[in-house]
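Welcome! Please take a moment to look over the sequence and the fold before reading on.

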Amino acid sequence: GIVPIKSNFFIFDAYGEYHTAFKELNNISEAINFKTYTTNLESSNSEILRIPLWLLGVDDIALLLGAEKPTQLPIIDKALKLVTVFAQDGEDNDKIKSDIIARVLLDILASGKPAAQIRDQIVSILSNYETPQLNLRTEVYQPGYSRELKQCMTIDSSGRLRDIQLITDFLETFLLVQYDLNLPDGSFLYTIDHLAQAFDFALISEGSLTNSSVFEEMNVLRVRVHSLANSESRKYFEYPKYISKNAYINALITADNGNKAQIINFNINYVDDRLAKNITKIYSKMLFDFSKDNKIGAKMPFHIILEEAHRYVQNDMDKMIFGYNIFERITKEGRKYGVLLGLISQRPSELSDTVISQCTNFLIFKMIHPKDVEYIKELVPNVTPELIKNFKLLQPGNCIAFGNAFKIPILVKMEMPNPAPNSSSCDISGVWFTKGNNK
């Protein structure tokens with residue numbers, strides 16, 4: 001028979017339940033394939049979820065680092081522009097690094113602070129940030145002799161930095177007239193370590209070291225990127241080789257046997273809720289941008305299915321920080337680009353109101369919580385008391401369906417899945433009581 005070979009379902013599996021249900025799919029039909037990416041770093045039977053860092057933009061990095069204010073975006077923008085310097089070797093890149101360091105040191109020299117404080121700050125910066133051309137060991141030439149830069153930091157008996165003019169003149173030789181830094185365009189590989197180093201430089205190049213309030217706001221992101229770089233979670237952003245965005249998405253939908261995969265399962269059960277939420281948003285944005293930028297429209301539709309959707313699709317801070325929420329954008333604009341969103345949730349009242357308002361079809365299973373029942377009552381036009389009563393009495397596998405696909409709300413009995421997902425509840429009494437054992 002005809003099979004949906006060109007379909008693409010991306011399931012974000014909150015509890016790792018669906019591998020059991022879909023793993024034998026290829027045995028039912030050779031044309032249909034299933035693929036799992038897991039956040040379990042110890043897994044040996046599923047591919048580890050890995051997102052190439054260089055495919056992410058300013059908003060993605062802001063999500064990853066938990067930015068809380070729009071005023072934090074410029075430092076992310078600056079850091080990403082500096083990644084182009086740190087991730088690519090070359091004399092020109094060293095010159096730009098030297099320029100940034102020299103400008104910061106010149107600001108310190110001109111700050112009017114006590115000489116001992118100026119000396120300590122200069123030594124501290126050059127101990128952490130240096131280039132082959134500009135470091136504490138660099139020779140500073142004077143008529144007839146030369147000294148290392150660190151030896152030019154002597155404070156005289158009157159408490160002044162004796163060679164301040166000499167150091168100033170020396171640092172000014174590293175200033176460039178003009179150079180342009182662009183955001184990474186996805187054409188070269190960079191690592192989390194490059195990003196952490198770029199954040200360090202972004203912080204000092206903005207002069208944040210002399211402004212405590214700005215420094216604290218920016219430094220929290222620098223601390224978070226270093227924390228990520230020093231944690232096991234860095235492995236989710238380590239891809240073994242360079243890959244373009246188009247090639248990466250094509251790899252996502254290619255099964256282990258080399259054929260087209262129609263169902264792609266992201267098992268996000270092994271990371272905390274914050275990272276799971278951000279990974280889900282990053283992938284959803286990547287798929288949406290891919291469809292929009294490549295103008296593929298309905299030729300290559302993507303269905304994004306979110307299990308436990310109330311964890312991710314929320315009335316959160318995204319609109320205030322970025323001006324949009326990716327899930328709201330997909331529900332509003334996704335149809336014309338062939339990107340559709342499916343939400344599975346036991347707590348619909350916790351979902352984003354805007355996203356729910358754009359949903360066209362609903363399948364309501366057993367629902368008891370009064371707040372959720374009331375929410376659905378407000379959502380469904382012409383809802384009757386009898387229908388509301390049915391919400392609370394539905395048996396497993398039964399639901400009430402309504403929306404554009406149905407002329408009227410109808411009761412639907414579904415076939416039980418075979419094989420079923422690994423989602424059955426714990427048998428408490430079976431564990432507690434063992435027949436014939438009263439000890």
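Predicted model: local features only at pLDDT ≥ 70, side-chain atom pairs only at ≥ 80, totals over all residues.

Residues are numbered from 1 along each chain as its sequence is written, and side-chain values use heavy atoms, with hydrogens and water left out.

**Helices that meet**

Helices (H or I, at least four residues) and strands (E, at least two) are DSSP runs, numbered from the N terminus. Axes are lines fitted to C-alpha atoms, for helices over the stretch in contact, and angles run from 0 to 180 degrees between N-to-C directions.

| Helix pair | Axes come within | Crossing angle |
|---|---|---|
| α11 (residues 273-293) and α13 (residues 326-337) | 11 Å | roughly 25° |
| α10 (residues 245-252) and α11 | 11 Å | roughly 115° |
| α4 (residues 73-86) and α8 (residues 192-205) | 8 Å | roughly 120° |

Angles under 35 degrees count as roughly parallel, over 145 as roughly antiparallel, 65 to 115 as roughly perpendicular and the rest as oblique. With axes crossing at roughly 115°, α10 is roughly perpendicular to α11. By contrast, α11 and α13 are roughly parallel to each other, and α4 and α8 are oblique.

Handedness comes next: a crossing is left-handed if the near helix is turned anticlockwise from the far one by less than a right angle, and right-handed if clockwise. The crossing of α4 and α8 is right-handed. The α10 and α11 crossing is left-handed.

Which residues join α10 to α11? Counting contact as heavy atoms within 4.5 Å, Lys245, Asn246, Tyr248, Ile249 and Leu252 of α10 meet Tyr283, Met286, Leu287, Asp289 and Phe290 of α11. Ala, Val, Leu, Ile, Met, Phe, Trp, Tyr, Cys and Pro count as nonpolar, Asp, Glu, Lys and Arg as charged, and the others, Gly among them, as polar. On that basis, the α10 and α11 contact has seven nonpolar, one polar and two charged residues.

The crossing of α11 with α13 is left-handed too. On the α11 side, the contact residues include Lys281, Ser284 and Phe288, and those of α13 include Phe327, Arg329 and Tyr337. Five of the residues in this α11 and α13 contact are nonpolar, four are polar and five are charged.

In the pairing of α4 with α8, the residues in contact include Ile76, Leu80 and Val83 from α4, and Leu195, Phe199 and Ala202 from α8. That contact divides into 13 nonpolar, three polar and one charged.

**Nonpolar cores**

A nonpolar core is a set of buried Ala, Val, Leu, Ile, Met, Phe, Trp, Tyr and Cys residues joined through side-chain atoms within 4.5 Å. Buried means under 20% relative accessible area, exposed over 50%, and partly exposed in between (1.4 Å probe, protein chains only). The largest core holds 125 residues, of which Ile51, Ile76, Leu195 and Phe199 touch the most other members. Residues up to four places away in sequence aside, Leu195 touches Leu53, Ile61, Leu80, Val83, Tyr190 and Val225. A second, separate core has six residues, among them Tyr18, Leu25, Phe34 and Ile263.

Phe10 sits in strand β1 (residues 9-13) and is buried, at 0% relative accessibility. Beyond its neighbours within four places in sequence, Phe10 contacts residues including Ile253, Phe266, Leu287 and Phe302.

Phe365 belongs to the loop between β9 (361-364) and α15 (370-379). Is Phe365 buried or partly exposed? Its relative accessible area is 36%, making Phe365 partly exposed. Phe365 and Cys399 are 34 residues apart in sequence, yet their C-alpha atoms are 4.5 Å apart in space.

Asn398 is part of strand β10 (residues 398-403) and is buried, with a relative accessible area of 14%. Leaving out neighbours within four places, Asn398 is in contact with Ile364, Phe365, Val412 and Lys413.

**Backbone details**

Most residues other than glycine have a negative phi, and most peptide bonds are trans. Glu308 is not a glycine, yet has a positive phi of about 55°. This residue, Glu308, lies in the loop between β7 (302-306) and α12 (318-322). The peptide bond from Asn418 to Pro419 is cis, with omega near 0°. Pro419 is in the loop between β11 (410-413) and α17 (428-432).
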